[in-house]
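Dear colleague,

I am passing on the structure we spoke about, with the sequence alongside.

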Amino acid sequence: MAAPSADASVSFRAWWAGRPPAAGGAVMATGIVSVGLHLAGYEVVSRVALVIVCAAWLGLAADFAGRLAWDRERWRAEAGSPAALTAVAATTVLGTRFSALGWQTLAEALLALAAVLWPVLVVDVVRHWGRRMPGAVFLCCVATQGLAVLSAALAGAEAVAWLAHAALVLFWLGLVLYGFALARFDLRQVLEGAGDHWVAGGALAISALAGSKLVAADSARLYLWNDDDRGVLRAVTLSLLVLDLAWYAVLLVAEAARPRLRYDVRRWSTVFPMGMTAAATLSIAAALDVSWLDGPGRALLWIAVAAWLAVATGAVAAARAGVRSTAPR
């Protein structure tokens, strides 16, 4: 008879192996909450969240590499789903947090990794798009803007002009991809979606964050943007935030009208847009000198933290039930 600890290990591995690609949303959500807490000045709590992010990212990265090496058929099947792009987005969010800590070399390594994964996964995902898609369709924009955010953050930290210009190209490309994704998005998901419908707004939020990082990257050493360029960036960034907040309001009303209270792994894709909206608001308040946005940004941040706690509680309960269901009989 197997020892209880051995049975538990087998059960955990069986449960872990069955996780869907959407589980990467947990890393994205926790990472952006850490970024938001840092922007609001809650450094200790932010670093606690960062530790959780690092552990989760390492687990998912090992699983990603393992499937690529030993289960290529499953890897190919999952790589075509929009949720596969959480691998890119989660990596860029983690890199952005490392950059804020001053760990630029580590942030650069994560940027390089995300940049290698991005074209492979984006092309495969877009090739498999259908006519009426769930909110995960917007992850093509999120992954692209994640690269823009991290590139702009590194450009500002290390005074590298070409990286800022690359980030600007990714910023505009991300907006184009948002338009294509919106055309494929099934609007019924607003009332019927299991959580990832919130990415419709979250993609605008990360776009607004990218815009604020591009504005902030400029300095006397770089002279990246002239007055006209800077004016366009400011106007587009603020417009994206307004559109994001409009989506936020619509999605909140839809949640109240059609409550969906059961836990679903796609609920991490609800927390991510909430946290991203808070982070974008706080970043814009500082980078564009719109100080009155700081208060709303902090309020949105604590709403995101509350949502994170609620979803994390559901995830722990679901994980325990999943491990028990795979236990040897």
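Leaving aside its neighbours within four places in sequence, which residues is Gly156 in contact with? They are Ala217 and Arg221, where contact means heavy atoms within 4.5 Å.

Before the rest, a word on the source: this is a predicted model, in which local features need pLDDT of at least 70 and side-chain atom pairs count only at pLDDT 80 or more, while totals for chains, interfaces and linings use all residues. Residues are numbered from 1 along each chain as its sequence is written, and side-chain values use heavy atoms, with hydrogens and water left out.

Gly156 is found in helix 7 (residues 139-158); helices here are DSSP runs of H or I with at least four residues, numbered from the N terminus. With a relative accessibility of 29%, Gly156 counts as partly exposed, since buried means under 20% relative accessible area, exposed over 50%, and partly exposed in between (1.4 Å probe, protein chains only). From C-alpha to C-alpha, Gly156 and Ala26 are 28 Å apart in space, and they are 130 residues apart in sequence.

Helix 5 (residues 86-100) has 15 residues and reaches 21 Å from its first C-alpha to its last, close to the 21 Å expected at 1.5 Å a residue, the expected span being 1.5 Å times one less than the number of residues. Because 13 of its 15 residues are buried, helix 5 is largely enclosed by the rest of the structure. Just after helix 5, Gly102 takes a positive phi of about 90 degrees.

Turning to the aromatic residues, a search of the whole structure finds 8 aromatic pairs; rings of Phe, Tyr and Trp (its six-membered ring) pair if their centres lie within 6.5 Å, and planes under 30 degrees apart count as stacked, over 60 as edge-to-face and the rest as tilted. One of them joins Phe171 and Trp172 edge-to-face, at 5.0 Å centre to centre and 65 degrees between the planes. Phe171 is buried, at 0% relative accessible area, whereas Trp172 is partly exposed at 36%. Trp198 and Tyr248 also form an edge-to-face pair, at 5.5 Å centre to centre with 90 degrees between the planes. This pair links distant parts of the chain, 50 residues apart, with Trp198 in the loop between helix 9 and helix 10 (199-217) and Tyr248 in helix 11 (residues 227-257). Both Trp198 and Tyr248 are buried.

With best wishes

Technical notes:
Helices (H or I, at least four residues) and strands (E, at least two) are DSSP runs, numbered from the N terminus.
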